[in-house]
Amino acid sequence: SRARSRGAAGAALLPSMLMFGVILASSGLLLMIERGILAQVGPPPPHPPAGPSRRDGRDSPAELELEVLRDTRNRTIRALCGQRSMPRSVWELPPGQRRTVLRHLLVSDKYRFLYCYVPKVACSNWKRILKVLDGALESVDVQGKMDHKSDLVFLGDMKPEEISYRLKHYYKFIFVRNPMERLLSAYRNKFGEIKEYQQKYGVEIVRRYRKNGGNSAGDDVTFSEFLRYLLDEDVERMNEHWMPIYNLCQPCAVRYDFIGSYERLHADANHVLEHIQSPSFVRFPERQAWYKPVTAETLHYYLCNTQGRLIKELLPKYILDFSLFAYPLPNITSEFCRQ
């Protein structure tokens, strides 16, 4: 396929990429992509809202739906990670992959947990919480620019025996998000608002993919140009804001106790805070007034105004995020886009 020929021009495929290629072929997902059958089942179903249990002891429909979703994720992860060639620990990962995941695992020794942060999945607010739990911040509501390095403890900065102990004994969790929604959020934020990203990535993207684009300041990158750039990038060398969640957090090498989702952010965050027995005054921050979230309508608009070929070719790079975390493939059928 064209996507594979692009990858062959760069570094050789890593064992994990080869493995999930076999799994995808056997499940028929790649065949669906090639034939354009991306989401015949209709638009993505909403993730179930949080809700209390019924007093009569029966679960509500929302809770049953949530249970099915979590069971689907757990079964899929077990099936993939149970393959012989998949890593069983971080020490079985190639050095580059091991550095990536250890660099994204934040440590709280006081509350004995590890959190794998994923950019564009509310990681800034989780970092605020870690700083409050450690006493570096008074409150999650403290205003000011977020420092993503100071007053945080990264697992990768520890000795091998310290790393192994925490991976074995600490509570481990991640938060995930619809892959295409996460990419759109990164695109709008980094190329629409952050000058550093416009100069570092935007200028090069426009120069590479636009005729006579040498005069761009990098602040006018189109979504299609961004996707073309991702197609040509090696996933292991991507910027963390658009690197697949699988590659950032390695759910086969690290057995997470809880997978929260962006769609149930506050309910799932409260579940984690209760589990780690955080102080009652620590709560997950409310969304900032200035923040403009990616809505279903916004995602619909961008996907339906992008060449279907680009999306189809990009899906194999993010297919593990779709399948492992139970997100539907994007619907870009003509019928859906006419709505």
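Analyst: A disulfide is a pair of cysteine sulfur atoms within 2.5 Å. This is a predicted model, in which local features need pLDDT of at least 70 and side-chain atom pairs count only at pLDDT 80 or more, while totals for chains, interfaces and linings use all residues. Residues are numbered from 1 along each chain as its sequence is written, and side-chain values use heavy atoms, with hydrogens and water left out.

User: What makes Cys-116 and Cys-249 a disulfide?

Analyst: Their sulfur atoms are 2.0 Å apart, and the limit is 2.5 Å, so the pair qualifies.

User: Why is the disulfide of Cys-116 and Cys-249 called left-handed?

Analyst: The torsion about its S-S bond is about -95 degrees, and therefore the disulfide is left-handed.

User: Which parts does the pair of Cys-116 and Cys-249 tie together?

Analyst: Cys-116 belongs to strand β2 and Cys-249 to helix α11, so parts 133 residues apart in sequence are joined. Helices (H or I, at least four residues) and strands (E, at least two) are DSSP runs, numbered from the N terminus.

User: Is Cys-116 buried or exposed, and why?

Analyst: Buried means under 20% relative accessible area, exposed over 50%, and partly exposed in between (1.4 Å probe, protein chains only). Cys-116 has 0%, so Cys-116 is buried.

User: How is Cys-304 classed, and why?

Analyst: Its relative accessibility is 23%, so Cys-304 counts as partly exposed. A disulfide joins Cys-304 to Cys-337, with 2.1 Å from S to S.

User: How many disulfides does this rule give?

Analyst: The count comes to three. Another of them links Cys-81 and Cys-252, whose sulfur atoms are 2.1 Å apart.
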